[in-house]
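I set out to look up a few local features of this structure and to note what I found. The entries follow in the order in which I made them.

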Amino acid sequence: MSKTEMFGFTLEADDRTEEEKLSKKSSKKDDQAPMDTDYQEEMEPAKPKLRFNLNFDKGIRGVDEPDTRRDSKTFNIDRLFEAAASGDITKLDGLHQYLHQNMKRLSDSLYQSYGKTALMKALLHLRDGKNNTVELLIDISERMGDVTKFVNAAYTNSYYKGQTALHIAIERRSLSYVQLLVSKGADVHAKACGKFFQPHDGTNFYFARVSPPPVQTNVATAGGELPLSLAACTNQPDMVDFLMENEYQRADPKLVDSQGNTVLHALVMVADRSSLDVLTATDNSQRQNTVFIASMYDRILKNAAKLHPKLKLEDTENHKGLTPLKMAAKMGKLGVFSHILKREFEETETKHLSRKFTEWVYGPVHCSLYDLASVDSYEDNSVMDILVYGSDIPNRHEMLQTEPLSRLLEEKWNRFAGGMFFFNFLVYSLYLIIFTVLAYNRKAGKPPFKLEHNALGYLQVCGQLLVLLANCYFLCIGIVDMKRKLPKIQTLLIDGYYEVLFLVQAVLFLVSTGLYLCGQEEYIGCLVLCLALSWLNLLYFSRGDRHMGIYSVMIQKMILSDILRFLFVYIVFLFGFSAAVVTLLIQPPAEPPKERFTVSPPGECNDVSYTNIAHTTLQLFKFTIGMGDVESAHKYEYKVVFYILLIGYIILTYILLLNMLIALMNRTVEKIALESTSIWKLQRAVTILDMEKRLSRCVRDRLRCGVEKNLGTAIGPDRRRCFRVEEVNWNKWNSNLSKINEDPGCCDRVQQPGSDTPSGRPHRGRSWRGFFMGGSRRWQSHESTELLPV
């Protein structure tokens with residue numbers, strides 16, 4: 001360390017001319033100056049700093065220096081950047097001598113523009129992965145004694161702040177320069193934390209954010225703040241290995257960026273939503289992306305385990321409380337999500353990194369143990385909770401079909417949810433019967449009514465109390481569900497559709513009860529609305545049956561999407577035309593009738609009035625459903641204009657909007673029909689988790705799925721909660737058929753015609769595949785959803 005640095009400041013030499021100093025002062029600071037340019041560089045104004053003026057004696061001695069021309073041996077920032085960009089080392093001849101004579105260094109602020117050095121400029125201008133000035137600049141800096149400061153210099157403007165030469169070398173995919181920089185002291189934990197490297201709406205270089213299907217676009221390219229994340233997300237396995245295993249400074253995989261994300265989080269963010277399965281992947285390029293992400297993910301896990309055997313890298317949570325697995329679920333990254341859940345390592349030293357453990361194999365049947373850590377809804381903020389309640393995840397119904405989630409939900413339904421659901425249905429049916437009988441036999445007159453001291457009166461009071469308690473229960477459950485699903489209105493409307501209806505039902509009954517106790521006859525209005533809604537809510541229990549559940553989902557989807565949009569546009573047309581008609585047909589007020597209601601003589605009908613906004617709205621609504629009357633318009637003026645308005649209204653509503661609504665509903669039905677089974681399973685999953693959340697902790701402990709297992713991995717005792725799944729994997733079985741060489745019976749070595757079996761191998765007679773395909777077709781009903789039989 002130099003003496004100046006020991007005292008907290010550095011003293012730089014300054015040999016600039018007065019003209020150069022004035023030009024630097026006149027330039028304006030621009031935080032969004034380009035990272036690099038092939039044209040005139042936008043230089044940063046020189047910052048106030050203690051500098052030693054090498055030309056101070058010329059003024060004393062009366063020596064005049066040229067105003068516009070500099071000595072050819074003088075190196076300023078423009079000349080240095082030009083040489084670095086060209087890659088011509090001859091342009092740097094005499095640089096070391098000049099720096100030595102003038103007591104200057106390449107890391108001086110006068111050789112930086114917004115923190116960018118000549119080394120960064122050279123790395124940004126590689127040709128065929130090479131720029132000869134890089135080695136020369138580092139060598140000169142090392143000889144001047146400031147190589148560590150030179151290679152670790154970082155951008156200072158807010159847009160590219162923190163980016164170092166190491167980031168640039170990794171982005172340029174130059175392993176040789178990365179090795180050179182790290183060997184010279186480059187910090188492998190440097191963070192590029194400028195706005196350009198942060199997720200925002202504009203162009204950025206954080207991690208790829210994917211828009212919802214069906215159109216998938218990348219607003220940002222893959223990248224990251226940390227060098228290790230940048231290398232991993234740009235598919236550079238050799239670079240990753242070097243950063244994690246080099247002898248100078250090893251990259252720490254536990255280190256997080258400004259979002260709290262590790263390198264594993266970064267890999268999840270750049271993954272596509274495609275599947276790893278060739279048969280289900282929609283785009284080969286997306287599948288290749290998922291394959292590279294899965295491979296890189298496993299590589300980093302293994303490297304980290306090699307360096308830190310007891311490190312649980314996957315358990316690291318970011319600032320949003322998400323592990324890499326939970327982030328994959330939250331973002332709908334199906335391929336990497338399935339890979340993490342089913343990851344299985346056979347090597348002894350890395351077996352503890354597995355989440356899937358094969359227990360036994362018999363033919364195509366595989367019995368596996370899946371780790372339930374962070375997966376089971378028994379835990380708070382689990383993967384199951386994220387998927388089931390994540391209405392903003394477009395492919396969550398597809399992700400719930402991934403093992404072990406599909407079997408886990410089925411196990412929960414069979415163990416406790418199915419029985420609870422049927423019991424709730426019986427209780428609600430009894431509630432409906434009691435409520436309907438009470439409402440039908442209500443008393444006429446002004447409430448509240450006196451209690452009749454007989455059996456019928458006592459039964460009526462008991463029924464009223466039961467209905468009141470039931471609606472209080474609906475209110476409490478609705479408030480709890482809304483707290484859990486808020487603040488996302490979309491989640492509340494889609495997943496909590498019936499919960500909202502039950503809540504409204506309870507509020508209507510309680511309001512009706514309050515009006516009844518206050519002696520208001522208007523309680524009847526709320527009562528009948530509550531009764532009608534109570535019967536409509538009976539459709540909630542249709543999700544217990546597959547076919548009825550799909551029908552209920554279709555109704556819900558059409559109400560929340562097609563009909564709501566139709567009603568918004570229709571109300572605009574209805575009130576707009578109503579206001580126009582009333583304004584057109586306005587008349588002077590007539591004398592009020594002596595009686596409020598008049599009865600027309602037999603054979604005569606009252607004419608329809610268009611002079612009142614409420615009546616006009618009702619009449620125009622009748623036109624929408626084909627029940628309007630135009631005969632009464634003959635007594636008004638401007639009949640032509642009235643008919644023009646009426647015809648326009650009928651065309652826009654009766655012909656256009658209604659037919660458009662029918663077309664939209666037809667499209668909704670077709671779309672849901674394609675995913676009917678998965679949508680029904682999603683609805684049932686919501687019901688299962690809702691009922692599980694209502695159970696006490698001790699009951700949930702007793703009903704918890706899975707078994708405790710001591711897996712005994714290389715790190716010692718390894719107790720985990722696992723869920724056993726038996727799968728039929730015909731694809732893997734077929735790939736192993738050619739390796740089977742056992743003879744269960746007579747040794748018939750004669751090759752059958754048309755057989756692919758080599759003649760030198762004994763023929764096995766009847767194949768195991770034929771046995772399973774012919775005699776055990778029933779296994780296909782238990783087949784894993786992602787594996788197809790041949």
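**Entry 1: Asp 718**

I located Asp 718 in the loop that joins strand E5 (707-710) to strand E6 (719-728). The model I am reading is predicted. I then listed the contacts of Asp 718, leaving out neighbours within four places in sequence: His 352, Lys 709, Asn 710, Leu 711, Gly 712 and Thr 713.

**Entry 2: Thr 624**

I found Thr 624 in helix H25, which spans residues 613-624. Thr 624 counts as buried because its relative accessibility is 5%. Not counting residues up to four places away in sequence, I noted that Thr 624 touches Tyr 570, Tyr 649, Thr 653, Tyr 654 and Leu 658.

**Entry 3: H13 and H15**

I turned to the pair formed by helix H13 (residues 263-270) and helix H15 (residues 324-331), whose axes come within 9 Å and cross at roughly 20°. I recorded the crossing of H13 and H15 as right-handed.

Which residues make the contact? From H13 I listed Leu 264, His 265, Val 268 and Met 269, and from H15 Pro 324, Met 327, Ala 328 and Met 331. I sorted the residues of this contact of H13 with H15 into seven nonpolar, one polar and no charged.

Terms used. Residues are numbered from 1 along each chain as its sequence is written. This is a predicted model: local features need pLDDT of at least 70, side-chain atom pairs count only at pLDDT 80 or more; totals for chains, interfaces and linings use all residues. Side-chain values use heavy atoms; hydrogens and water are left out. Axes are lines fitted to C-alpha atoms, for helices over the stretch in contact, and angles run from 0 to 180 degrees between N-to-C directions. Helices (H or I, at least four residues) and strands (E, at least two) are DSSP runs, numbered from the N terminus. A crossing is left-handed if the near helix is turned anticlockwise from the far one by less than a right angle, and right-handed if clockwise. Contact means heavy atoms within 4.5 Å. Ala, Val, Leu, Ile, Met, Phe, Trp, Tyr, Cys and Pro count as nonpolar, Asp, Glu, Lys and Arg as charged, and the others, Gly among them, as polar. Buried means under 20% relative accessible area, exposed over 50%, partly exposed in between (1.4 Å probe, protein chains only).
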